[in-house]
Amino acid sequence: MRRLAFALLGVVLFLALPGCEAKDAADVAALGPAPAFKLPLLSGGEVELEKLRGKTVILDFWATWCPPCEVQMPILDEVWRDRKDGDLMILGVSIDTDPPATVARWIDERGFSYPIASGDQALAVEYGILGFPSLVVIDPSGQIQARHTGVWSREEIEDHLEAIR
């Protein structure tokens with residue numbers, strides 16, 4: 001029985017290893033067009049993906065109950081503060097079921113400055129989001145260039161942005 005378990009483990013690892021291969025950001029082909037959306041911003045007004053055409057967009061799918069999201073958000077906020085006047089838009093997409101005012105208070109308490117919109121599970125599913133935080137990088141023509149679940153370092157974010165230029 002023990003041999004069978006080890007044999008099965010070996011087969012699973014063998015099949016899984018090709019998926020673990022590291023890829024340079026520049027080697028990743030577009031994942032298709034980004035689904036359109038129009039979302040309410042926590043600060044008021046709306047944001048529409050179509051109106052962001054011409055900019056590189058990072059969508060940050062997150063929730064207040066997600067501890068890794070609290071690790072990712074300060075990194076994104078730092079990138080936003082440094083590059084917000086350029087050709088980059090970072091947009092947080094809250095998937096919380098709490099009222100927007102509660103989410104806005106949570107954001108204010110932490111001092112994050114990048115724009116946050118209220119999204120929902122349906123939008124997350126459209127973007128292929130399976131967990132949080134998830135980042136989606138969209139190039140200026142509206143094509144998804146990267147999708148990542150988990151925390152990205154600033155260096156990893158900058159590498160993906162550089163690969164799009």
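Student: Why is Ser94 called buried?

Tutor: Ser94 has a relative accessibility of 3%, and buried means under 20% relative accessible area, exposed over 50% and partly exposed in between, with a 1.4 Å probe and protein chains only, so Ser94 counts as buried. Before we go on, note that this is a predicted model, in which local features need pLDDT of at least 70 and side-chain atom pairs count only at pLDDT 80 or more, while totals for chains, interfaces and linings use all residues. Residues are numbered from 1 along each chain as its sequence is written, and side-chain values use heavy atoms, with hydrogens and water left out.

Student: Where does Ser94 lie, and which residues is Ser94 in contact with, leaving aside neighbours within four places in sequence?

Tutor: Ser94 lies in strand E4, where strands (E, at least two residues) and helices (H or I, at least four) are DSSP runs numbered from the N terminus. Contact means heavy atoms within 4.5 Å, and beyond those neighbours Ser94 is in contact with Trp62, Val103, Ile116, Ala117, Ser118, Gly119 and Asp120.

Student: What makes the link between the side chains of Ser94 and Asp96 a polar contact?

Tutor: A polar contact is a pair of N or O atoms within 3.5 Å; within protein, one must be able to donate a hydrogen and the other to accept it, and residues adjacent in sequence count only if both atoms are side-chain atoms. The side chains of Ser94 and Asp96 are joined at 2.9 Å, which falls within 3.5 Å.

Student: Is Ala36 buried or exposed?

Tutor: Ala36, in the loop between helix H1 (2–16) and strand E1 (38–40), has a relative accessible area of 64%, and because exposed means over 50%, Ala36 is exposed.

Student: How do you know that the buried residues of H5 line one face of the helix?

Tutor: Helix H5 (residues 154–164) has Ile157, His160 and Leu161 as its buried residues. Seen down the axis of H5, they fall within an arc of 100°, so they line one face; the arc is that of the directions from the helix axis to the C-beta atoms. On the other side of H5, Glu155 and Glu162 are exposed. The cover over the buried residues includes strand E3 (56–62), helix H2 (67–83) and strand E4 (88–94), among others.

Student: Why is the aromatic pair of Trp106 and Phe112 called tilted?

Tutor: Rings of Phe, Tyr and Trp (its six-membered ring) pair if their centres lie within 6.5 Å, and planes under 30 degrees apart count as stacked, over 60 as edge-to-face and the rest as tilted. The structure holds five aromatic pairs, and in this one the centres are 6.4 Å apart with 45° between the planes, so the pair is tilted. Trp106 and Phe112 are both buried.

Student: Which peptide bond is cis, and what is its omega?

Tutor: The bond joining Phe132 and Pro133 is cis, with omega about -10°, and Pro133 is found in the loop between helix H4 (121–126) and E6. Most peptide bonds are trans.

Student: Over which residues is the pLDDT below 50?

Tutor: pLDDT is the predictor's confidence in each residue, from 0 to 100. The mean for the protein chain is 85, and 82% of its residues reach 70 or more, but over residues 1–29 the pLDDT is below 50. Where pLDDT is low, the predicted coordinates should not be read in detail.
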